[in-house]
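Here's a quick tour of one chain, written for someone who likes the cut-offs spelled out. Have a look at the model first, then read on.

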Amino acid sequence: MHTSLFTHSACLEHDTGLGHPECADRLKAVLAALEAEEFFLLDRQEAPRAAVEQIARVHPRSYVERLLSLMPQAGHAGIDADTVVSPGSGEAALRAAGAVVAAVDAVAAGGSRNAFCAVRPPGHHAERARAMGFCLFNNVAVGAYHARAVHGLQRVAVMDFDVHHGNGTQDIFQSDPDMLYCSTHQSPLYPGTGDPAERGEYGNCVNATLPAMAGSPEFRHAMTHTVLPAIDHFRPDLIMISAGFDAHSRDPLAGLHLTDDDFVWATRKLGELARTHCGARIVSVLEGGYNLRALASACAAHVRELMAA
């Protein structure tokens with residue numbers, strides 16, 4: 001079996017305006033890096049458009065319809081101070097969520113060993129009924145609930161190594177004992193959530209905070225002593241990754257000091273757990289990362305490790 005790459009050109013048409021850090025150049029940099037000869041064997045797939053019914057497993061239908069209605073006919077519109085949309089943003093958001101749905105289908109059916117979704121807008125800040133932090137729909141949560149509804153993969157673990165806490169995924173998962181959300185993130189930092197005391201109703205939210213300037217030793221300690229044991233104990237049917245690369249030492253929006261090797265190590269450790277518990281099934285979804293060179297390099301390293309898993 002192979003590693004699949006899901007993306008769509010519509011994700012480049014989500015225009016956030018001049019100077020916005022979450023820009024189309026991010027995805028262009030990732031896709032250019034994945035054109036290298038070593039990625040020739042990637043199974044490249046065009047992301048379908050997610051159906052409203054698929055997104056509505058996570059977000060109220062009224063929220064989905066209202067959000068799509070807010071896309072401007074021209075120019076830009078602000079959902080909040082950070083979250084900007086354009087005429088192409090609705091289609092981009094539907095394709096981003098659809099990529100994760102299709103990736104779950106491919107991995108669950110056994111056609112792919114694992115998958116990476118190179119998409120934008122990102123998703124992990126999108127709460128059940130609130131868009132924020134550059135995010136419209138919570139892509140990874142849409143995939144997780146699709147895995148349950150369609151494939152009977154009841155227990156899904158999401159590991160989020162973005163430098164920012166995925167408040168949206170935690171909001172969606174916190175009352176569901178069969179969904180596990182784990183996060184390593186810088187604290188204090190936007191969005192101000194993710195304290196270790198936030199454990200969810202069933203102890204199914206695991207937050208490992210890292211102080212500014214923390215690097216490889218602190219990250220690997222948090223993974224080894226907090227995150228990986230939680231996933232191992234949970235025994236998931238599917239592992240998903242919110243793969244943000246803004247904890248990289250060169251990223252301008254935060255203050256952690258991870259390297260490509262740290263993302264490779266984390267991917268390898270998650271792969272070991274996936275082989276133990278869920279037939280090696282992993283679906284990884286792009287979240288943050290705002291230094292283009294660091295994003296491209298770290299993302300390529302992550303996908304290289306997925307291919308080797």
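## Starting at Ala50

Where is the place of Ala50? Ala50 is in the loop between strand S2 (43–46) and helix H2 (52–55). A word on labels: helices (H or I, at least four residues) and strands (E, at least two) are DSSP runs, numbered from the N terminus.

This is a predicted model, where local features need pLDDT of at least 70 and side-chain atom pairs count only at pLDDT 80 or more, while totals for chains, interfaces and linings use all residues. Residues are numbered from 1 along each chain as its sequence is written, and side-chain values use heavy atoms, with hydrogens and water left out.

Why does Ala50 count as buried? Because its relative accessibility is 5%; buried means under 20% relative accessible area, exposed over 50%, and partly exposed in between (1.4 Å probe, protein chains only). Leaving aside residues up to four places away in sequence, Ala50 touches Ile55, Leu94, Ala97 and Gly98, with contact meaning heavy atoms within 4.5 Å. Ala50 and Ala96 are 46 residues apart in sequence, yet their C-alpha atoms are 7.9 Å apart in space.

## The chain overall

The chain's secondary structure comes to nine helices and 10 strands. A compact globule of 309 residues would have a radius of gyration near 19 Å, and the chain has 17 Å, which agrees; that radius is taken over C-alpha atoms, and the globule rule is 2.2 Å times the number of residues to the power 0.38. Along the principal axes, the C-alpha atoms fill a box of roughly 50 × 45 × 40 Å.

Of the 309 residues, 59% count as buried. Take the contacts between residues at least 6 apart in sequence: 77% of these join residues at least 24 apart.

## The sheet and its helices

Eight strands form an open sheet with parallel pairing, in the order S2-S1-S5-S10-S9-S6-S7-S8; two strands pair if DSSP finds at least two bridges between them. S2 and strand S8 (205–210) stand at the edges with a single partner strand each, so one side of each has no neighbour in the sheet. On average, neighbouring strands of this sheet are turned by 15° against each other, direction ignored. For angles, axes are lines fitted to C-alpha atoms (for helices over the stretch in contact), and angles run from 0 to 180 degrees between N-to-C directions.

Helix H4 (residues 89–109) lies across strand S1 (2–7), strand S5 (112–117), S9 and strand S10 (282–286), running at about 170° to S5. Helix H8 (residues 260–277) also packs on the sheet, where it touches S6, S9 and S10, and its direction makes about 165° with that of S9.

## Zooming in on S6

How many residues of strand S6 (residues 156–160) are buried? Five of its five. In a regular strand, side chains alternate between the two faces of the sheet. Here Val156, Val158 and Asp160 point one way, Ala157 and Met159 the other.

S6 pairs in the parallel sense with strand S7 (residues 179–186) over five bridges, and Ala157 stands opposite Leu180 in S7. Five bridges also join S6 to strand S9 (residues 238–243), again running parallel. In S9, Met240 is the bridge partner of Val158, and Ile241 is that of Met159.
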